[in-house]
Amino acid sequence: MTTELLTDITIFVLALLVGFEVISKVPATLHTPLMSAANSIHGIVLAGAMLIAVTANNALGYILAFVASAFAAMNVVGGYVVTGRMLKMFRRTRAPVAAPSAPAAVAGSADGHGSGGQA
Amino acid sequence: MNTFDWITQLLYVAAAVCFVLGLHLMNSPASARRGNQVSTAGMALAIATTFALVIHAGTVSVTGWIVMLAGAGVGAGAGLYSARTVQMTAMPQLVSLFNAVGGGAAALVAIDDYVRLAGAAAGVPEATTITTVLDVLIGAVTFSGSIIAAGKLQGLINAAPVTFPGSRVVNIAAAAIAVGGGIFMLTTPSVPFLIIIILAALTFGVTMVMPIGGADMPVVISLLNAFTGTAVAMAGFVIGNWALIIAGALVGASGSILTKLMADAMNRSLSNIMIGGFGTGDNAPVAVGPGGDVRSVQADDAAIQLAYAQKVIIVPGYGLAAAQAQHQVAELAALLEERGIEVSYAIHPVAGRMPGHMNVLLAEANVPYPQLKEMEEINPEFPRADVALVIGANDVTNPAARRAGTAISGMPILDVDQAKSIIVIKRSMGHGYAGIDNELYFDPKTSMLFADAKSALTDLIASVKTLVG
């Protein structure tokens with residue numbers, strides 16, 4: 001056992017506690033974006049994947065570097081983009097123009113939006 | 001440590017701070033987008049720092065650069081494409097897939113480190129072996145388990161609990177080999193053993209998720225998310241990188257909290273879910289409640305009830321999403337609101353295929369988030385509601401949960417039965433997941449509108465419009 005490992009464990013435990021504290025305050029409404037955001041955060045493993053390339057000098061190392069980079073990059077890019085896409089949909093008021101996939105709503109509720117749409 | 005090491009370490013700490021702040025800002029829908037931006041900035045910083053580290057090391061061969069950049073390019077492209085095109089109903093599959101690749105990448109990082117150290121003269125330090133074994137085991141289980149979960153959600157694999165004769169034995173054997181092999185490696189560093197435990201862990205991931213039914217997926221996804229976080233943290237231990245440790249711990253905490261919330265909301269223990277088989281529908285029939293008559297109603301009458309109410313609470317379940325009727329329900333709600341009726345949505349924690357899934361589906365249908373109410377928040381409001389409109393939700397509205405001795409006793413439910421009147425849109429009197437009668441349907445205040453959710457809502461919209469003139 002080394003002091004390095006001890007430091008790492010300390011950081012891990014404290015980060016875990018911070019995580020519990022911060023995340024228990026997230027409302028249930030946002031649990032899907034939360035999970036997706038957490039998903040993108042673990043995409044940090046891309047840093048580890050890139051560091052494989054530093055020591056890679058044979059076929060196995062290169063294959064591992066390639067696959068790990070691909071996996072992690074997919075995780076990080078996809079995670080952040082999809083989280084952003086979801087959060088964009090959470091609005092305080094109904095959007096001025098109804099979703100194009102529900103054309104009937106546009107016709108049916110156009111009058112109501114003039115007065116109450118822009119809060 | 002030289003100056004360069006100091007700076008890179010501090011930048012990693014700054015990235016970790018961004019992750020924590022980003023998650024903190026998710027405590028309200030108003031600030032959540034800012035949170036995602038802060039988190040993204042942290043990630044960009046961490047990646048840029050790593051780039052600097054890689055360049056500074058100066059040992060990367062041309063081939064090394066090519067494979068790294070090509071891999072990242074391919075992955076980023078795939079991630080971007082799937083994130084842009086995914087349907088909101090398919091979000092659980094995508095999250096599962098990202099869990100799989102995250103866990104897989106974490107395992108690969110450890111595998112590479114171990115193979116390299118095993119080839120070196122100094123051998124593998126014991127501390128590295130422990131964290132490597134943990135990383136590889138958790139990462140491999142997450143990888144195969146998440147892929148099976150995604151396949152089940154996508155309908156590529158039978159969503160029902162899948163078991164075969166001896167599947168339990170295979171499951172236990174895989175776990176035993178993985179753990180036993182890991183312990184053996186502590187005393188005898190060995191690459192062949194590493195391969196054996198990888199294969200055993202991959203097998204365990206498959207046999208762990210296969211017997212779990214579709215409706216238990218919110219728990220499974222949360223658990224696999226926690227696993228991925230832990231695997232990434234272990235990868236941080238292996239390569240001595242604090243950013244990975246902190247980020248992994250945050251995700252581990254998030255996944256654990258969600259796992260517990262989901263299991264509690266289903267009134268089941270984690271072990272009960274993991275052992276599986278609940279959804280097979282062969283659990284002993286439980287003594288039914290009052291029984292009695294069911295009152296059926298037509299769309300016209302239901303529309304009158306809705307149109308002359310003052311307060312309406314909509315109770316959506318996964319059936320609503322399965323019928324793709326989110327837009328119709330939002331349209332009906334908008335119509336009622338124009339008449340000055342107060343409309344809100346009562347969302348049970350397990351409504352959907354992942355935690356909070358129903359909220360996203362309704363937000364996509366243009367429902368303002370202040371109308372989306374959590375169970376604790378909305379339950380006291382039911383006695384004031386003139387109409388509770390239940391669409392595609394079943395067990396979570398069953399008052400039998402308040403009594404002892406039923407299959408769902410103790411499960412937290414929405415107090416729908418306390419509303420002044422109740423309209424239930426449902427195709428038949430079929431049972432929910434728990435396989436018992438819903439006593440709500442026999443309540444004298446309840447009228448049943450027997451129809452598919454989408455067509456029933458379309459009829460209701462038409463009728464309300466006619467009434468309003």
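In the predicted model, the elements of chain A follow the order α-α-α-α-α from the N terminus on. Chain A has 119 residues, of which 55% count as buried. Among the contacts in chain A with a separation of 6 or more, 53% are made by residues 24 or more positions apart.

Chain A touches chain B through 92 residues of chain A and 104 residues of chain B. On the side of chain A, at least two residues each are supplied by α1 (3-23), α2 (31-41), α3 (45-55), α4 (59-89) and α5 (103-116). The largest share of this side comes from α4(A), with 29 residues. Sorted by class, the side of chain A that touches chain B consists of 58 nonpolar, 26 polar and 8 charged residues.

Chain B is divided into two parts, domain 1 (3-279) and domain 2 (299-468). The C-alpha centres of domain 1 and domain 2 of chain B are 37 Å apart. Contact between these domains of chain B involves 19 residues of domain 1 and 17 residues of domain 2. On the side of domain 1 that touches domain 2, the elements giving two or more residues are α4 (91-119), α8 (217-239) and α9 (242-265) of chain B. This side of domain 1 of chain B contains 15 nonpolar and 4 polar residues, and no charged residues.

How values were computed. Residues numbered from 1 in each chain as written. Chains lettered and ligands numbered in written order. Predicted model: local features only at pLDDT ≥ 70, side-chain atom pairs only at ≥ 80, totals over all residues. Contact = placed C-beta atoms within 7 Å. Helix = DSSP H or I, 4+ residues; strand = E, 2+ residues; numbered from the N terminus. Nonpolar A, V, L, I, M, F, W, Y, C, P; charged D, E, K, R; others polar. Domains from an automatic or database assignment. Buried ≥ 20, exposed ≤ 12 C-beta atoms within 10 Å, placed from the backbone.
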